[in-house]
Amino acid sequence: MTTPIMAVLILLVGVLTSGCAAESAPSPSASTSPSSASAEAAPATPKASPSPSSAPAAAQVEEPAPAAVPAPEAAPATVAVAAAEPAAAPAASKYPLHTNIVSTTFWVGEIFNANLADGSQVCSTYNGQWAFQHTGINAGTTPGSASGCPGSIYGGCDGVSSGSGSSFACATEARDASNGYFPKNQPTPLENPFYLDLPYDDINDSVAFQQRCQVIPWAAADNAATGVDHCADGNYSYMKNHWVQMTGPNGNVCYGQIEDAGPSSGSEYHDANYVFGAAEARPANTDFSADGTQGAGMDVSPALNGCLGFAELDGSGDHVSWRFVDRAAVPAGPWLNVETTSGVS
């Protein structure tokens, strides 16, 4: 009887022991409860949101404020545009602007006054064969006894030509954008039809020649670029072919190359105060102007007359603003279709 009783006691002890063990073990479902998951995930939460609490919705509502910080992303675009504008400005602003200057019109082949030494555009101050070199047309030679351009080939005309010999005439013509302001009655010019003059002849005017390397702003840079000091070289011009930016009565900005010197009411072509000065001086010339306050300070070609929107085809009442520009600052346009590169001849 002892043995059966002992077996029963052992059974009772085993049942009691397993019940206690079951109560002390963690519940398998407790490990997946939301509260425990949040607690375990909490350390990772700050990486996604500044609020590790149970308010993700609130955190998401506040997110737009930080998210709206893309506004600074728009700033770089604005800055980039603003930065692009000054990019072209330095080249243009190196030289002073001359405003409200009276400009007349002249043209290759024009005979303004055959009785004046500088009254014919068959030649220019830089090119004894300007008309021929510009057009390639040879209709005879000006007599050696002529006052203007003796020995120069005439017949070339940047306009409408008529007659021959001593009866040769070259009139101007209206130009428009339909063909880039190029001639309508002549072959395509061999040199740039966008040309002009200013009253500073750095070759034939003795005063201008002596002072040119002191007053022409790009003379030193030109010497450096060519590797030769041309200051005392009478066959080299710092003015010829240099570029000028002009704004006309119609607001158009056009560009042209210097191919002659003028206008002048006398024999002086060294108006450095006006041409290179920064104080908005008026031209020393007092003639060729319908403006009683100043004389003409520039002549422009028919192409520039049309491009700048002059009211007069061959008048003296139109005004322009102008400044020198370096070749690198000249933008694309009809003025680059044919570029003049010939030197003094």
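Which residue forms a disulfide with C213? In this predicted model, the partner of C213 is C231, and the sulfur atoms of the two residues lie 2.0 Å apart. That link is one of 4 disulfides that a search of the whole structure finds, in a protein chain that has 10 helices and 8 strands. The points below begin with the confidence of the model and the overall fold, and then turn to the disulfides, to one tyrosine and to the spaces within the structure.

**Confidence of the model**

- The protein chain averages a pLDDT of 79, and 72% of the residues score at least 70.
- Over residues 1-92 the pLDDT is below 50, and this stretch has 11 contacts in the model beyond near neighbours in sequence.
- Where pLDDT is low, the predicted coordinates should not be read in detail.

**Overall fold**

- The secondary structure of the protein chain comprises 10 helices and 8 strands, and of its 345 residues, 39% are buried.
- When contacts in the protein chain between residues at least 6 apart in sequence are considered, 65% of them join residues at least 24 apart.

**The disulfide pattern**

- With bonded cysteines counted along the chain, the disulfides of the protein chain follow the pattern 1-2, 3-4, 5-6, 7-8.

**The disulfide of C123 and C149**

- C123 is joined to C149 by a disulfide with an S to S distance of 1.9 Å, and the link is left-handed, with -80 degrees about the S-S bond.
- This pair links distant parts of the chain, since C123 lies in the loop between β1 (98-105) and α6 (130-135) while C149 lies in the loop between α6 and β2 (160-162), 26 residues apart.
- Both C123 and C149 are buried.

**The disulfide of C213 and C231**

- The link of C213 and C231 is left-handed, with -105 degrees about the S-S bond.
- Here too the pair links distant parts of the chain, with C213 in helix α7 (residues 206-215) and C231 in the loop between α8 (219-226) and β5 (243-247), 18 residues apart.
- C213 has a relative accessible area of 22% and is therefore partly exposed, and C231, with a relative accessible area of 24%, is likewise partly exposed.

**The disulfide of C254 and C307**

- A disulfide with an S to S distance of 2.1 Å joins C254 to C307, and its -95 degrees about the S-S bond make the link of C254 and C307 left-handed.
- The pair links distant parts of the chain, running from C254 in strand β6 (residues 253-261) to C307 in helix α10 (residues 302-307), 53 residues apart.
- C254 is buried, because its relative accessible area is 0%, and C307 counts as buried because its relative accessibility is 4%.

- Y181 lies in the loop between β3 (169-171) and β4 (195-198), and it counts as buried because its relative accessibility is 12%, where buried means under 20%.
- Leaving aside residues up to four places away in sequence, Y181 touches R175, D176, F194, N252, A303, G306, C307 and P334, and one of these, C307, is also the disulfide partner of C254.
- Y181 and W335 are 154 residues apart along the chain, yet their C-alpha atoms are separated by 9.0 Å.

**The cavity**

- The structure holds 1 cavity of 30 Å³ or more, and about 40 Å³ of space lies in the largest cavity.
- The lining of the largest cavity is made up of H134, T135, C157, D158, P183, Q186, P187, T188 and P189, and these residues divide into 4 nonpolar, 4 polar and 1 charged.

**The second largest pocket**

- The second largest pocket has a volume of about 490 Å³, and 25 residues line it, of which D222, Y236, Y238, K240 and H242 lie nearest its centre.
- α8 gives the most to the lining of the second largest pocket, contributing 3 residues.
- Sorted by class, the lining of the second largest pocket has 10 nonpolar, 9 polar and 6 charged residues.

Note on methods. Residues are numbered from 1 along each chain as its sequence is written. This is a predicted model: local features need pLDDT of at least 70, side-chain atom pairs count only at pLDDT 80 or more; totals for chains, interfaces and linings use all residues. Side-chain values use heavy atoms; hydrogens and water are left out. A disulfide is a pair of cysteine sulfur atoms within 2.5 Å. Helices (H or I, at least four residues) and strands (E, at least two) are DSSP runs, numbered from the N terminus. Buried means under 20% relative accessible area, exposed over 50%, partly exposed in between (1.4 Å probe, protein chains only). pLDDT is the predictor's confidence in each residue, from 0 to 100. Contact means heavy atoms within 4.5 Å. On a 1 Å grid over the protein atoms alone, a cavity is a set of points where a 1.4 Å probe fits but cannot get out, and a pocket is an open set with protein on both sides within 12 Å along at least five of seven lines; lining residues have an atom within 4 Å of a point. Grid points are joined across faces, edges and corners, and a volume is the space filled by probe spheres set on the points. Ala, Val, Leu, Ile, Met, Phe, Trp, Tyr, Cys and Pro count as nonpolar, Asp, Glu, Lys and Arg as charged, and the others, Gly among them, as polar.
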